[in-house]
Amino acid sequence: METSILFIQLLNGLQLGILLFLLSAGLTLTFGIMDFVNLAHGALYMLGAFFCATLTLYTGSFLLAVILAIPLTALAGFILEKLVVQHLYQRDHLDHVLATFGLILCIDTIVHSIWGPEGIAIPLPEFLNSQVELLPGIVFPTFRLLIIAIGLAAAAGLYVMVNHTRVGMLIRAGASNRTMVGALGIDISTLFSGVFALGAALAGLAGMLIAPITEASIGMGSDIIITTFVVIIIGGVGSMKGAFLAALLIGLIDTFGRSFLDDLFKLIMSGEAAETAAPAVSAMLIYILMAVILAFRPQGLFPPLTR
Amino acid sequence: MNKLRTAVTVAAAIGSMAIGSQTLHAADQVKIGFITTLTTGAASIGKDQENAVNLALEHIDNKMGGKPVELIMADDGFKPEVGKQATDKLVKQDDVDFVAGYIWSHVLLASRKSVLDAGKFLISANAGPSPVAGKLCHENFFSTSWQNDQTPMAMGETLNKKGVKSLYVMAPNYAAGKDMVAGVERTFKGEIVGKDLTKWGKDAQLDFSAELAKAKASGAEGIFVFYPGKAAGAFIKQYEQAGLKDSLPLYTVFTIDSLSLPKLKEGGMKSVLGSSMTQFWSPDLDVPANKKFVADFREKHGTYPSFYAAQAYDSIMLIKSAVDAVDGNLDDMDAMRAAMKKADFPSVRGEFSYGNNHMPIQNFYSRTVVEDADGNWTTEIDQVVLENHQDVYAADCSL
């Protein structure tokens, strides 16, 4: 029994990590590659969830809603970039923070006035609301397996795109030397708009995948954006590989902390003390990890090689 | 400078005269301030209470002791400081005769002094933190709800009656969460095989995958949870997705109510059907006042009233019993207090009495979540688990 719960928690950790990766991939594109601090990244995550919720209610199909909501979130990101973000690239990070914090407030209020203060639940089709028996005795919710599959597919797609396509080459080149790429006749402004939209789509996808587990609600983005920054700091700012590995690491550490810390503490202290201490410490665990990594390896675990 | 001071004094004097004349007017009517949450994500609770208060006023033709009632609704914004400001305004500026409402324990604790120091009656229509039932009890404080510990204590008793021997417990890691867990532990006779207090507050944990996996592996015969607000929907969904309905039956307090059930139904969360909860009241309680309340509420608003609404409805009826007893002579506080102490009004929970601390001594029922004849999801009374139950803090009250 001990091994089976270990295996299930491993899958749970993997699933949390994959979700965090989808979010941090978008943040890596904007913060790491375009050098733009986007606090409103979480707002795009929320928008994705709300688009998907509405489309699910209209079309009656969650999967169709996801397929439609992804380009919609990308479009929202594209418009945001053209209207606001584009004018901020040349400014310093504090201006980025101020402007995107303002964007969070605006988007939250817009969502409030369209969808109301209450969250929206997204119903899943029957076959996703069930469980799969992976091995004898090991049963896992189907939808969480789907999250893992979609996340891994997105990670593979991103890897191929950034490293093995012309667009990816341009993104990397634009990040290294914006002026030079522009001088070579590449429309750098459109390229960055596209990258921003891609980041938005990834964040939106994460929102669409989490909403059927929790719900689409105002403020869901602000709750998770801090963890996402922790991921890209641990992974090494600007590194897609770092973001992927750090996201998995954090997902696993958080899940294992919540699962086994109280039993671990009970070995060294009284049951009651362990009950109080374990939830507090497991909530801090990822920040402790970040502090340790910042102390010994400030550039993160896998910093990008180009800089 | 002197001129300015004079001007300010004059202005202040005129201002207080204006307030003085307002109070004069107030004697011709009964003024009730009702504090609840009308903004933020919890606004749906406040809306339900507001609907119930208005229905109560409609049922009594907006009259108490022959005088018309003026109702002033106020929003606490889900924050103690905002609730206290709203209370101060009701007490000082509007000079109300009764302040009722209060969903949240921390808002009530922050606001109670403003009301009681001004010599007004304070009626809690939900919050029941242990201090107001114990050491901080007050002759002018009454509750139409319960003390926080009572409902989970009833749950512990329900589990005993159902023969549950081992239990897994989950609640958010904050004051009320710990109270609820302590309440169940106080009466539950079986073994608690696992307990998770999850992160709460601004970035509350809403993904319970790890905890549910542990609960399942623990081999417990049931799972007890307390997840108020939006965490309730998240928990139930994941409980459903994990397919635990048959292996790990669900027992809740303050998690599933008439506000969350329609949403759960919309989301197809069938695993909630058949789960158990405890409460002092139920929409199907066979009491004439309750039948009228539930039927009229459903006709007007299309949904079952929540327990928040039931308590709000009762708070207006309690006030009416006091004002009727003195024929509208609102200066006779002693007679009004004595009248309220009798709990002599048609409560939607049926007959009950007040303890020395002015908390209800009442029955608690176990309820099962069912689908009604029209396909709505609601709760149905299973049995009485605590009869005429008084809270444990009454002994600390010096009244």
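A residue counts as buried if 20 or more other C-beta atoms lie within 10 Å of its own. The model shown in these views is predicted.

**View 1. Chain B as a whole.** Of the 399 residues of chain B, 52% are buried by that test. Its secondary structure comes to 13 helices and 14 strands. The radius of gyration is 22 Å, close to the 21 Å from the globule rule for 399 residues, so chain B is as compact as a globular protein of that length. Its C-alpha atoms fill a box of roughly 75 × 55 × 40 Å along the principal axes. Look also at contacts between residues at least 6 apart in sequence: in chain B, 72% of these join residues at least 24 apart.

**View 2. The largest nonpolar core.** This core has 203 residues. Those with the most contacts inside it include A:Ala49, A:Cys52, B:Ile223, B:Tyr313 and B:Ile319. In chain B, domain 1 (2–146 + 286–351) and domain 2 (150–279 + 364–395) each supply at least three residues to the core.

**View 3. Around A:Leu19.** A:Leu19 is also among the residues with the most contacts inside the core. Neighbours within four places in sequence are left aside here. A:Leu19 then touches A:Ile147, A:Gly151, A:Ala206, A:Leu209 and A:Ile210. One of these, A:Ala206, is itself on the list of residues with the most core contacts.

**View 4. Where chain B meets chain A.** Here 31 residues of chain B are in contact with 31 residues of chain A. On the chain B side, the elements giving two or more residues are α2 (43–59), β8 (191–198), α8 (209–217), α9 (230–241) and α10 (260–266). The largest share, seven residues, comes from α9(B). By class, this side has eight nonpolar, twelve polar and eleven charged residues.

Terms used. Residues are numbered from 1 along each chain as its sequence is written. Chains are lettered from A and ligands numbered from 1 in the order in which they are written. This is a predicted model: local features need pLDDT of at least 70, side-chain atom pairs count only at pLDDT 80 or more; totals for chains, interfaces and linings use all residues. A nonpolar core is a set of buried Ala, Val, Leu, Ile, Met, Phe, Trp, Tyr and Cys residues joined through C-beta atoms within 7 Å. A residue is buried if 20 or more other C-beta atoms lie within 10 Å of its own, exposed if 12 or fewer, and partly exposed in between; C-beta atoms are placed from the backbone. Domain bounds come from an automatic or database domain assignment. Two residues are in contact if their C-beta atoms, placed from the backbone, lie within 7 Å. Helices (H or I, at least four residues) and strands (E, at least two) are DSSP runs, numbered from the N terminus. Ala, Val, Leu, Ile, Met, Phe, Trp, Tyr, Cys and Pro count as nonpolar, Asp, Glu, Lys and Arg as charged, and the others, Gly among them, as polar. The radius of gyration is taken over C-alpha atoms; the globule rule is 2.2 Å times the number of residues to the power 0.38.
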